[in-house]
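Please look over the sequence and the structure shown here before reading on.

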Amino acid sequence: MAADTVPPAFALHEVSKRYGAVQALEQVDLAFHRGSTTALIGSSGSGKSTVLRLLLGLDRPDQGVVSIDGNALQPSQLLALRLRTGYVIQDGGLFPHLTGLENLTLQPRQLGWDKHRIVERAAELAELTHLPADALGRYPAELSGGQRQRIALMRGLMLDPDALLLDEPLGALDPIVRHELQDELKRIFDRLGKTVLIVTHDLAEAAWFAERLILMNEGRVIQDGQLNDLRQHPASDFVRQFIAAQRSLPAVRA
Ligand code: ADP
Ligand code: MG
């Protein structure tokens, strides 16, 4: 198949979703191509997490169609989709009563992997994410925030999924650890070549990870383009404001 006829890995076609009185998504049309990295940005409540949840089948649209590899997502495909898609959320979502390694073991064990294979894969991913060797034996409460997020990322990668959906994975980290993990995640994305969708409300972080930025507000896509498009050709005043609201360090005073 020619490159331009390969269907997108994930797509939303005119998708709307309402929660009670809140219109979380309004007529959203988006396609994400295989192997691409895209950042979803926008203020809190703009619908970013809803996009990821719909693409994972954790929630269903009221209107419109979610499609995976060009086919409308069917309930019968949900399990397979989850196995092919790593999902990481802000606080990592690790089970507190399980050690790091036990957290990594759940899905592979369901698939019948033996202990040896699980430990080997965990070691491979610990190396990839620069997790200290002893961390896997500890419970989440005994780990630093950065270590917890490394393990959450490892859990998302355990089954070597085709895609990674990351929902503010670095949002809860202090600036130094966050910076370090930004570097490492970028290296991992470049090296693994997976389809990556990363949600952040930080424009600089978005631009660090992805060329394609999708800016959302109140359930709609406001602009879909590169950082320079947003800066030089903002689609609306909202885009202008969003860019202006990114604070940089004040100039050094004499
Ligand atoms: P974001 O991730 O951009 O902060 P979300 O996609 O989580 O935004 O939410 C979009 C809107 O939908 C918000 O107003 C949020 O409060 C609302 N919302 C999301 N999920 C639910 C839910 N399960 N029940 C009620 N309201 C929800
Ligand atoms: Mg969110």
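Phe-238 is buried, since its relative accessible area is 18% and buried means under 20% (exposed is over 50% and partly exposed is in between, with a 1.4 Å probe and protein chains only). Phe-242 is buried as well, with a relative accessible area of 9%. Both residues belong to helix H9 (residues 237-244), where they stand four residues apart, about one turn of the helix; helices (H or I, at least four residues) and strands (E, at least two) are DSSP runs, numbered from the N terminus.

The model is a predicted one, in which local features need pLDDT of at least 70 and side-chain atom pairs count only at pLDDT 80 or more, while totals for chains, interfaces and linings use all residues. Residues are numbered from 1 along each chain as its sequence is written, chains are lettered from A and ligands numbered from 1 in the order in which they are written, and side-chain values use heavy atoms, with hydrogens and water left out.

A search of the whole structure finds two aromatic pairs, a pair being two rings of Phe, Tyr or Trp (its six-membered ring) with centres within 6.5 Å, called stacked if the planes are under 30 degrees apart, edge-to-face if over 60 and tilted for the rest. Phe-189 and Phe-209 form a tilted pair, at 5.4 Å centre to centre and with 50° between the planes. Because Phe-189 lies in helix H6 (residues 175-192) and Phe-209 in helix H7 (residues 203-209), this pair ties together parts that are 20 residues apart in sequence. Both Phe-189 and Phe-209 are buried. The rings of Phe-238 and Phe-242 have centres 6.0 Å apart and planes at 40°, so this pair too is tilted.

A ring is also involved where Arg-117 lies over the face of Trp-113, at 3.8 Å from the ring centre; a charge sits over a ring if NZ of Lys or CZ of Arg is within 6 Å of the ring centre and within 35 degrees of the ring normal.

Val-15, in strand E1 (residues 10-19), counts as buried because its relative accessibility is 0%. Thr-99, in the loop between E6 and H3, is in contact with Leu-136, Gly-137, Arg-138 and Tyr-139, leaving aside its neighbours within four places in sequence.

The largest pocket has a volume of about 530 Å³. A pocket is an open set of points on a 1 Å grid over the protein atoms alone, where a 1.4 Å probe fits, with protein on both sides within 12 Å along at least five of seven lines, and lining residues have an atom within 4 Å of a point; the volume is the space filled by probe spheres set on the points, which are joined across faces, edges and corners. Of the 21 residues that line the largest pocket, the closest to its centre are Arg-82, Thr-85, Tyr-87, Gln-107 and Arg-155.

The second largest pocket has a volume of about 240 Å³, and of its 13 lining residues the closest to the centre are Arg-60, Pro-61, Val-66, Leu-73 and Gln-74. Strand E4 (residues 63-68) gives the most to this lining, with three residues.

Key: Contact = heavy atoms within 4.5 Å.
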